[in-house]
Structure formats: structure tokens, C-alpha cells
Amino acid sequence: MAEEPVVAKLLEGNRSYVASDWDPADRELASPPALKLAVVACMDTRHNVEKVLGLKHGDAKVIRNAGNLLDDGALRSLVVAVHLLGVRHIAILGHTKCGMTLVGQGEFRIAKSIAKTTTTPLADAMRPDFQRWLGGFADPSDNVRRSVQLVANHPFMPKDLEVIGLLYDNENGQVAVVRP
Ligand SMILES: [Zn+2]
């Protein structure tokens, strides 16, 4: 049997959502999130950020990428969140067993896959800064500390902004504060 096309699954899911879960009050949620909070988290599918932190819909702006990195995309979103959307607290949520600790070993595999599935030759994929661009790291706690420092000291960020480092434990679901 042919696999169900993803788009059909998504639209079917949305029909169920509209029929049962859509809340008209969502239209009225204020632009500043209720807790004036933004969370930068990893895209890892094993944790649901809102559930892990007990957040309700509308409590926080949640920004996710591979490795909860403060790359240009995340920083741009934080600048908008702080200067346009009333955010005053930023939490960087890392997690144990992050796949981005393995990117160093997987670098060649990623480059080979790029060469095999696109018109980019292997030599171009393996450009000298490829690993740095991928953003791998060895220790998830150190990565959170680095991100906290980066946001706290960023020239676009107000001095009274609260920046919090957190680490989710993939084994027991607990979140701990990452001290500087
Ligand atoms: Zn991760």
C-alpha cells in the first residue's frame, strides 16, 4: 500500500483540530507573550517544550533549531521578540543526548548525502568551515552557557533582560538551571 502523502495527513489533522480543539480566544492572545518569555530550544522531537516547562499556549515565544543555537535566525527572532513583542526573559533550553554532539562524527556523512542528492559536489560541501557552520558541540551544558553569554552580552539586547540557562534531562524529564 502506498504511504499516505504527508500533506493529506496534515490537512486531515487540521480538520480534526478545527472541529475539536480550535479556540477562538487564540485570536485574541496578546502580542507580548503572557509571561514575557522567549525560549530557545533544540528541534529534538523527544521533548515538547511547552509541556516540559508547564507553559500554556500564549505564554512564550518558542524558537527551535538544531542544538538550540544562537545563530543569526535565532538572534533575529529574539531581537524582534524583545524590541517589538515585549519579551523581558529569555530561556535557553538545552538537553542531554543532543544529536548535535554527534555532528562532528557525522560531518562527512552529511557532506556525502549533500553530494549524492544535490548538484553540489562533495568538495564544495566539505568547505573548510562546514563543521563550524553545522554548529556541533561536545557538551550540551557548555553550549547553553555559551548561548546565555552571547545573548546577555549582545549589543542589541537591553542590560535588564533576564537570560536563563536550562538543561532538560532526556532520561528523567527533569529540567535544571545551568549555572554560569
Ligand atoms: Zn538537541
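This is a predicted model: local features need pLDDT of at least 70, side-chain atom pairs count only at pLDDT 80 or more; totals for chains, interfaces and linings use all residues.

I then checked its length.

**The whole chain.** Next I stepped back. I found 7 helices and 5 strands in the protein chain. From the N terminus, I read the order of elements as α-β-α-β-α-β-α-α-α-α-β-β. The C-alpha atoms fill a box of roughly 50 × 50 × 35 Å along the principal axes. Of the 180 residues, 24% are buried. I also looked at contacts with a separation of 6 or more: 70% of them are between residues 24 or more positions apart.

**The sheet.** I traced the strands across the sheet. It is an open sheet of 5 strands, in the order E2-E1-E3-E4-E5, and the pairing is mixed. Which strands stand at the edges? They are E2 and E5 (175–177). Each has a single partner strand, so one side of each has no neighbour in the sheet. From one strand to the next, the twist averages 25°.

**Strand E3.** I then turned to E3, residues 89–95. How many of its 7 residues are buried? I noted 6, so the strand is largely enclosed by the rest of the structure. I followed its pairing on both sides. E1 (residues 37–42) and E3 run parallel, joined by 5 bridges. Valine 39 has alanine 91 of E3 as its bridge partner. E3 and E4 (residues 162–168) also run parallel, with 7 bridges between them. There, glycine 94 stands opposite leucine 167 in E4.

**The nonpolar core.** I looked for the largest nonpolar core and found 31 residues in it. Those with the most contacts inside this core are Ala38, Val39, Val40, Ile90, Ile92 and Leu93. At least two residues each come from E1, E2 (60–65), H3 (72–83), E3, H7 and E4. The largest share, 6 residues, is from E1.

I took a second look at valine 39. Leaving out residues up to four places away in sequence, valine 39 touches Val49, Leu53, Ala60, Val62, Ala91 and Leu93.

**Glutamine 149.** My last stop was in helix H7, residues 140–152, where glutamine 149 has its place. Why does glutamine 149 count as partly exposed? I found 15 C-beta neighbours inside 10 Å. A buried residue needs 20 or more and an exposed one has 12 or fewer, so a count in between is partly exposed. I also looked from glutamine 149 towards isoleucine 164. The two are 15 residues apart in sequence, and their C-alpha atoms are 9.9 Å apart in space.

Conventions
Residues are numbered from 1 along each chain as its sequence is written. Helices (H or I, at least four residues) and strands (E, at least two) are DSSP runs, numbered from the N terminus. Two strands pair if DSSP finds at least two bridges between them. Two residues are in contact if their C-beta atoms, placed from the backbone, lie within 7 Å. A nonpolar core is a set of buried Ala, Val, Leu, Ile, Met, Phe, Trp, Tyr and Cys residues joined through C-beta atoms within 7 Å. Axes are lines fitted to C-alpha atoms, for helices over the stretch in contact, and angles run from 0 to 180 degrees between N-to-C directions.
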